[in-house]
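Visitor: I have a new model open and would like to learn how to read it. Could you walk me through some features?

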Amino acid sequence: MTSGDEPTTGVRQRTRRAVLDAALSLWSRDFSASLGDIADRAQVSRSTLHRYFPDRQALVDAALVDATETIERVSEKATASCTTAAEELDALMRAMIDVGDLILFLFSDAHRFKDNPYWTSNEDQDEQELATLITRAQQQGALAADVAPSWAAGCFYALVFAAAESISAGTLPRHLAADLAVRTFLHGLASH
């Protein structure tokens with residue numbers, strides 16, 4: 001690549017990113033949003049959108065891959081320096097809520113990506129890893145030992161989803177939704 005190609009590459013990357021971000025934002029709320037709606041949201045022409053993604057399925061596939069990779073990346077980064085299981089659960093929940101649009105895009109319809117070859121959700125593996133982390137938190141005294149880890153994992157994911165929906169609907173700002181979800185998971189809703 002010559003130095004003359006770099007600005008074009010940078011522009012191309014920014015344009016592709018803008019289209020993906022627009023698609024993920026709109027499709028997290030309404031999966032029937034059109035490519036025209038996405039182009040408008042990304043502030044590009046429809047022909048520009050089609051240069052990057054020739055049809056709706058190509059954009060869906062790219063958004064699916066991007067969303068799963070982003071969630072994995074932010075989760076790993078958020079938990080990298082945690083020293084206790086409770087800290088790791090807190091950081092993981094906040095990281096997932098921070099990318100709530102991606103959570104809504106991926107999980108608001110359990111069958112949306114069922115036959116998509118790019119759907120690489122390792123739900124069983126992810127749930128097992130979370131259950132193992134919850135077991136560690138129980139052993140460290142941060143969570144009640146008499147609660148099944150699979151139940152606690154389901155509660156964790158439900159709170160992440162509820163927080164993402166609240167943010168999307170505008171009923172809670174992101175930081176309050178994250179605080180409430182973490183508090184609910186680690187301490188319950190009882191008055192203290």
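Guide: Gladly! Helices here are DSSP runs of H or I with at least four residues, numbered from the N terminus. Keep in mind that this is a predicted model.

Visitor: Using that numbering, where does Arg112 sit?

Guide: Arg112 belongs to the loop between helix H6 (100-107) and helix H7 (123-139).

Visitor: What does the side chain of Arg112 reach instead?

Guide: Its side chain reaches the backbone oxygen of Phe105 at 2.8 Å. Setting aside neighbours within four places in sequence, the residues in contact with Arg112 are Trp27, Phe31, Leu104 and Phe105.

Visitor: Now the cysteines. How many disulfides are there?

Guide: In general, a disulfide is a covalent bond between the sulfur atoms of two cysteines. The distance test asks for two cysteine sulfur atoms within 2.5 Å, and the count here is 0 disulfides. As for accessibility, Cys82 counts as partly exposed because its value is 21%, and Cys155, at 28%, is also classed as partly exposed.

Visitor: How do I check the length of a helix such as H9?

Guide: Compare the expected span with the distance between the end C-alpha atoms. Helix H9 (residues 174-187) has 14 residues, so at 1.5 Å a residue it should span 20 Å; its end C-alpha atoms are 19 Å apart, which agrees.

Visitor: Which residues of H9 are buried, and what follows the helix?

Guide: The buried residues in H9 are Ala177, Ala178, Ala181, Val182, Thr184, Phe185 and Leu186. After H9 comes Gly188, with a positive phi near 80°.

Visitor: Which residue has a positive phi although it is not a glycine?

Guide: That is Gln43, whose phi is about 60°. Gln43 is found in the loop between helix H2 (35-42) and helix H3 (46-52). With 74% relative accessibility, Gln43 counts as exposed.

Key. Residues numbered from 1 in each chain as written. Predicted model: local features only at pLDDT ≥ 70, side-chain atom pairs only at ≥ 80, totals over all residues. Heavy atoms only, no water. Buried < 20%, exposed > 50% of the residue type's maximum accessible area, 1.4 Å probe, protein only. Helix = DSSP H or I, 4+ residues; strand = E, 2+ residues; numbered from the N terminus. Polar contact = N/O pair within 3.5 Å; in protein donor to acceptor, adjacent residues only side chain to side chain. Contact = heavy atoms within 4.5 Å. Expected span 1.5 Å × (residues − 1).
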